[in-house]
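Please look through the sequence and the model below, and keep both in view while reading the paragraphs that follow. They go through the ligand and its surroundings, and then turn to some individual residues.

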Amino acid sequence: MQTIEDAAAWVAKAQTIAVLSGAGISKESGIPTFRDALTGYWENYEPEKLATRDGFLSDPPLVWRWYAERRRKLEEVQPNPGHYALAELERLKSVTIITQNIDGLHRLAGSSSVIELHGNLKDYKCVDCEKPATIALDDLGTEPPLCDYCSGLIRPDVVWFGEYLPEDALRAANAISHACDLMLVVGTSGLVYPAAGLPQVAKEFGATLIEVNPDETAISDHMDISLRGASGVVLPQLLAILTS
Ligand code: BV8
Ligand code: ZN
């Protein structure tokens, strides 16, 4: 069983580090993971249904309200020690974070090299002409506003299931997955592609894979080391060993 000391030794040796993060890294900030995001009012809905273009078009106010609620929640949350540990690691090593999260917490914690594969909760665009729209937090309302240019519905500018990821983000994520000699895979169930395929790309190009997750995931078998614990606890421990 490989230990956190073994993991720290790999991190110390690494020249170029990639991090793939999922909703789990934000859980200790109080943001429920995607799987258990739908509690209370939303418990009868499946994320894979709501987070789709068809889901939005079939009931725009419903999907608008779900994202508005998540956007308002962002005002109450802060990065947690896991985010801060990765920001500190960036001060010691060359680190690029590839995140599936749309909460912006990595940048808020001080990480500067962050690739947002699935967009950001604070960005909006027209569902038809795709022109960006600016929506202030205090006028999110209960249904989507209309586009100034074509009167189409305004939607969150996030990547829904069945939609392509932003080309530049995916290209950058693939490039760092090829180039890195170590990938930390933090807080992701490894269920959603193409993000979940990036650790295999890194491995094929010779990288060491270290997973940080309290649970087994769909991609644990590919990992060289699996650190079973909460990222808000494990990542600061890793940094403490590195800097001791
Ligand atoms: C695509 C933004 C090409 C929105 C998200 C059929 C038709 C079309 C596509 C597909 C199809 N079948 C499969 C696909 C591909 C599909 C896919 O992979 N589906 C899955 C469900 C099988 N992918 C796509 O559609 C992607 N696009 O393929 O385009 C294409 C185009 C057209 C036609 C065909 C192909 C787009 C995917 C992006 C979807 N958008 N987010 C929003 O957030 O509302 S994904 C969303 O779910 C999250 O961003 C996250 O990435 C993902 C998973 O969510 P969670 O499970 O909650 O989070 P995570 O995976 O991170 O798991 C939580 C983990 O944390 C757990 O492991 C847990 O143990 C751990 N944890 C808990 N506590 C802690 C912790 N870890 C550390 N510390 C803790 N304290
Ligand atoms: Zn428009």
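In this predicted model, a polar side-chain atom of Asp215 lies 3.3 Å from an oxygen atom of ligand 1, a polar contact being a pair of N or O atoms within 3.5 Å (within protein, one must be able to donate a hydrogen and the other to accept it, and residues adjacent in sequence count only if both atoms are side-chain atoms). An N or O atom in the side chain of Arg70 is 2.8 Å from an oxygen atom of ligand 1, and for the side chain of Thr188 the corresponding distance to an oxygen atom of the ligand is 3.5 Å. Taken alone, ligand 1 exposes 1400 Å², of which the protein buries 76%; accessible areas come from the Shrake-Rupley method with a 1.4 Å probe, and for residues only the protein chains shown count as cover.

Residues are numbered from 1 along each chain as its sequence is written, while chains are lettered from A and ligands numbered from 1 in the order in which they are written. Because this is a predicted model, local features need pLDDT of at least 70 and side-chain atom pairs count only at pLDDT 80 or more, whereas totals for chains, interfaces and linings use all residues, and side-chain values use heavy atoms, with hydrogens and water left out.

Which residues come nearest to ligand 1? Of the 32 residues around the ligand, they are Phe34, Tyr67, Gly162, Glu163 and Ser189, where a residue counts as near if one of its heavy atoms lies within 4 Å.

Is Cys147 buried or exposed? Cys147 counts as buried because its relative accessibility is 6%, and buried means under 20% relative accessible area, exposed over 50%, and partly exposed in between (1.4 Å probe, protein chains only). Leaving aside neighbours within four places in sequence, Cys147 is in contact (heavy atoms within 4.5 Å) with Cys126, Cys129, Gly152 and Ile154.

Cys180 is buried, with a relative accessible area of 2%, whereas Cys150, at 35%, counts as partly exposed. Ser231, found in helix 10 (residues 231-242), is buried at 4%.

Methods. Helix = DSSP H or I, 4+ residues; strand = E, 2+ residues; numbered from the N terminus.
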